[in-house]
Amino acid sequence: MYVKDKMSKELQVAFAKMTISEVLELIKDSDLHRLPVVDSKNNLIGLITKGSIKRDTKSSTLSVFELNYLFNSLKVEDVMIKGEDLHTISPDALLEEAASILREYKVGCLPVVDNGNKVVGIITQNDIFDAFIDILGYHKDGTRYVIEIAEDKPGVLNAISKCFLDINVSISNLAVYNTERGIELVAIAVGEGSDNCDDILAKNGYKVTSKIRLQNKEA
């Protein structure tokens, strides 16, 4: 899966000369927490977030009047994230790369830019979480099986898939985990008979350690 598959494409943007008051109003109206800052040609020059505004305007001694004056005086360019602190990613990058950058630099989002540095989207931690849920099929109608793999050897995935095939049950999602318990395969079985795969798996020597009925939460 690529960044372009999960990024937000419909964006609100800010400009360097906007006041903080204008940006806060824009954030409030659009229900967003961060805005890419662009020039007149849509080239990325920075990122402004609620966190960066709070960081650079924080003061317990300011009155409401003084704070309003500050917000109307400060420009986006004064508080935006820029330079080496601004991390971006390509729309064609793997989603795993985006997750790795978010984690490494402890940031909540990445502006997505093309080869010419034009903003084409933004990807957030929540987008990564949504992709994780989607890849594992947690919101699909079906039955989630966790199958213990006693020995990791060539052909294991094919053999387990055949168990489902033999009773005409499809697998929509498949994942393999290496845990302290050993190797576990998670399979989402869908279609008629998806609740009744235990016997065929046991008959072929596979132990089901967990079985959960899932429902489509997005329907």
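## The β2–β3 hairpin

Strands β2 and β3 form a hairpin with five residues between them, and Asn 42 in the turn has a positive phi of about 70°. Strands here are DSSP runs of E with at least two residues, helices are runs of H or I with at least four residues, and both are numbered from the N terminus. β2 (residues 34–38) and β3 pair in the antiparallel sense over five bridges, where pairing requires that DSSP finds at least two bridges between two strands. Leu 35 has Ile 48 as its bridge partner in β3. The structure is a predicted model, in which local features need pLDDT of at least 70 and side-chain atom pairs count only at pLDDT 80 or more, while totals for chains, interfaces and linings use all residues. Residues are numbered from 1 along each chain as its sequence is written, and side-chain values use heavy atoms, with hydrogens and water left out.

Five of the six residues of β3 are buried, so this strand is largely enclosed by the rest of the structure. Buried denotes under 20% relative accessible area, exposed over 50%, and partly exposed in between (1.4 Å probe, protein chains only). Thr 49, found in β3 (residues 44–49), is buried at a relative accessible area of 15%. A polar atom of the Thr 49 side chain lies 2.9 Å from the backbone nitrogen of Ser 52. Leaving aside neighbours within four places in sequence, Thr 49 is in contact (heavy atoms within 4.5 Å) with His 33, Arg 34 and Ile 81.

## The four-stranded sheet

An open sheet of four strands has the order β7-β8-β6-β9, with antiparallel pairing. Its edge strands, β7 (170–179) and β9 (207–214), each pair on one side only. The twist averages 20° from one strand to the next. Seven bridges join the antiparallel strands β6 and β8; Tyr 145 has Ala 187 as its bridge partner in β8.

Two helices lie across this part of the structure. Helix α7 (residues 125–136) lies across β7 and β8, at about 115° to β7, whereas α8 lies across β6, β7 and β8, at about 140° to β6. Axes are lines fitted to C-alpha atoms, for helices over the stretch in contact, and the angles run from 0 to 180 degrees between N-to-C directions.

## Nonpolar cores

A nonpolar core is a set of buried Ala, Val, Leu, Ile, Met, Phe, Trp, Tyr and Cys residues joined through side-chain atoms within 4.5 Å. The largest such core has 16 residues, of which Tyr 145, Ile 147, Ile 160, Phe 164, Cys 197 and Leu 201 touch the most other members. The elements giving two or more residues to this core are β6 (142–149), α8 (156–166), β8 (182–190) and α9 (198–203). Apart from it lies another core, of 14 residues, among them Ile 27, Val 37, Ile 53 and Leu 74.

Beyond its neighbours within four places in sequence, Ile 160 is in contact with Ile 147, Ile 149, Leu 185, Leu 201 and Tyr 206.

## Salt bridges

A search of the whole structure finds seven salt bridges, each a side-chain nitrogen of Lys or Arg within 4 Å of a carboxyl oxygen of Asp or Glu. One of them joins Lys 6 and Asp 134 (3.9 Å, N to O). This pair links distant parts of the chain, with Lys 6 in helix α1 (residues 3–6) and Asp 134 in α7, 128 residues apart. Lys 6 is partly exposed at 24% relative accessibility, as is Asp 134 at 35%.

Arg 213 forms a salt bridge with Asp 195, the closest N and O atoms being 3.6 Å apart. Arg 213 lies in β9 and Asp 195 in the loop between β8 and α9, so the pair ties together parts that are 18 residues apart in sequence.

Notes: A polar contact is a pair of N or O atoms within 3.5 Å; within protein, one must be able to donate a hydrogen and the other to accept it, and residues adjacent in sequence count only if both atoms are side-chain atoms.
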